[in-house]
Each structure stands twice: as structure tokens, then as C-alpha cells.
Amino acid sequence: MVWPDVRQDYGEPLKVPTTIRFDADVLAALKASGKGWRTRVNEATREWLKTHPCA
């Protein structure tokens with residue numbers, strides 16, 4: 001199945017389930033930062049990609 005890039009009903013990027021492995025201490029710190037930690041990781045990754053284009 002091919003996932004669309006944008007949710008048709010909201011015009012937002014589609015969230016795709018995935019699995020990523022973090023070091024235990026990194027994950028603990030992210031979770032300790034409170035609700036919304038996944039969103040913050042997503043935003044930080046998006047910002048990083050702006051300065052590190054994919055090959």
C-alpha cells in the first residue's frame with residue numbers, strides 16, 4: 001500500500017506508524033520532558049532535515 005503524503009480531510013502531513021530505536025537514557029529523557037515528546041522529536045527531525053538534505 002502506498003501512503004498519501006497529505007491527509008485529505010485536513011491538509012496536514014500524514015502520520016505514518018514506524019519503529020525507531022533510541023538508547024534507553026535518551027528515551028527516558030524524552031519521555032520525562034512530558035506530554036508531546038513524540039511531536040517534539042518529529043519537529044526536531046524536520047528542522048534537522050532542512051539543513052541535511054537527503055541524498
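A salt bridge is a side-chain nitrogen of Lys or Arg within 4 Å of a carboxyl oxygen of Asp or Glu. The structure is a predicted model, in which local features need pLDDT of at least 70 and side-chain atom pairs count only at pLDDT 80 or more, while totals for chains, interfaces and linings use all residues. Residues are numbered from 1 along each chain as its sequence is written, and side-chain values use heavy atoms, with hydrogens and water left out.

The protein has two helices and zero strands; helices (H or I, at least four residues) and strands (E, at least two) are DSSP runs, numbered from the N terminus. Of its 55 residues, 2% are buried. Buried means under 20% relative accessible area, exposed over 50%, and partly exposed in between (1.4 Å probe, protein chains only).

The salt bridge joins Glu47 and Lys50, whose closest N and O atoms are 2.9 Å apart. Both residues belong to helix H2 (residues 37-51), where they stand three residues apart, about one turn of the helix. Side chains of opposite charge can pair when their charged atoms come close.

| Residue | Relative accessible area | Class |
|---|---|---|
| Glu47 | 46% | partly exposed |
| Lys50 | 59% | exposed |
| Phe22 | 31% | partly exposed |

Phe22 lies in the segment before helix H1 (24-32).
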